[in-house]
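Hello,

Here is the structure for you to look through.

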Amino acid sequence: MRMATAFAIAALVGSIVLLQHSTRFYAIVAIVVSGLEVALAFGVVSLHIKGLSLVLVLGAVLAVVGVLMYLKASAKTQIAAATVVTLVGVLQVLQELKVL
């Protein structure tokens, strides 16, 4: 298993945990984005947009949604799950920008 696949799965699990304990809108957005990333990682879906890095966009959305959920979190499980979602998004953005 590649590291990108493991990150996508971790973000999906964190999003599912947040759906149970957090604001539904942000959690649903995170589930859709991370689910799309898992589908891309396993080759179930193939999306190509000319001139646009899909990994960069999905990572940025995960990072922003993760931060918003982190700011609204009050329980330990919410904070941990939001942190995972945020870190996965930030790592994907940094990797796509060739910083890492």
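**A patch on the surface**

V64, V67, L68, Y70, L71 and I79 make up a nonpolar patch on the surface, and their accessible area together is about 520 Å². Patches are built from residues with over 30% relative accessible area and no salt bridge; like charges are joined within 9 Å, and nonpolar side chains (Val, Leu, Ile, Met, Phe, Trp, Tyr) within 5 Å. A salt bridge means a side-chain nitrogen of Lys or Arg within 4 Å of a carboxyl oxygen of Asp or Glu. Accessible areas come from the Shrake-Rupley method with a 1.4 Å probe, and for residues only the protein chains shown count as cover.

Helix α3 (residues 54–72) gives the largest share of this patch, five residues. Y70 is found in helix α3. Y70 counts as partly exposed because its relative accessibility is 41%. The cut-offs are these: buried is under 20% relative accessible area, exposed is over 50%, and partly exposed is in between (1.4 Å probe, protein chains only).

**Before you go on**

This is a predicted model: local features need pLDDT of at least 70, side-chain atom pairs count only at pLDDT 80 or more, and totals for chains, interfaces and linings use all residues. Residues are numbered from 1 along each chain as its sequence is written, and side-chain values use heavy atoms, with hydrogens and water left out.

**The whole chain**

The protein chain has four helices and zero strands. Read from the N terminus, its elements run α-α-α-α. The radius of gyration of the protein chain is 13 Å, close to the 13 Å that the globule rule gives for 100 residues, so the chain is as compact as a globular protein of that length. That radius is taken over C-alpha atoms, and the rule is 2.2 Å times the number of residues to the power 0.38. Helices (H or I, at least four residues) and strands (E, at least two) are DSSP runs, numbered from the N terminus.

The C-alpha trace spans about 40 × 30 × 25 Å along its principal axes. Of the 100 residues, 32% count as buried. The protein chain exposes about 6,000 Å², and carbon and sulfur atoms supply 72% of that area. Now take the contacts between residues at least 6 apart in sequence: 62% of them join residues at least 24 apart. Contact means heavy atoms within 4.5 Å.

**A buried serine**

Look at S34 in helix α2 (residues 24–41). Is S34 buried or exposed? S34 counts as buried, because its relative accessibility is 0%. A polar atom of its side chain lies 2.7 Å from the backbone oxygen of A30. Leaving out residues up to four places away in sequence, S34 touches A8, A11, L12, S15 and L62.

Q92 sits in helix α4. With 9% relative accessibility, Q92 counts as buried. Which residues does Q92 touch, not counting residues up to four places away in sequence? They are E37, V55, L58, G59 and L62.

V93 lies in helix α4 too. V93 counts as buried, at 17% relative accessibility. Its contacts, leaving aside neighbours within four places in sequence, are L56, G59 and A60. V93 and K72 are 21 residues apart along the chain, and 23 Å separates their C-alpha atoms.

F7 is in helix α1 (residues 3–21). F7 is partly exposed, with a relative accessible area of 25%. F7 and Q92 are 85 residues apart in sequence, yet 8.6 Å apart in space, C-alpha to C-alpha. F7 touches V88 and L91, not counting residues up to four places away in sequence.

**A loop and the chain's tail**

V45 is found in the loop between α2 and α3. V45 is partly exposed, because its relative accessible area is 29%. It touches L36, A39 and L40, again not counting residues up to four places away in sequence. V45 and S74 are 29 residues apart in sequence and 35 Å apart in space, C-alpha to C-alpha.

K98 lies in the segment after α4 (76–96). K98 counts as exposed, at 69% relative accessibility. Its phi is near 65 degrees, a positive value in a residue other than glycine.

Best wishes

Notes. A polar contact is a pair of N or O atoms within 3.5 Å; within protein, one must be able to donate a hydrogen and the other to accept it, and residues adjacent in sequence count only if both atoms are side-chain atoms.
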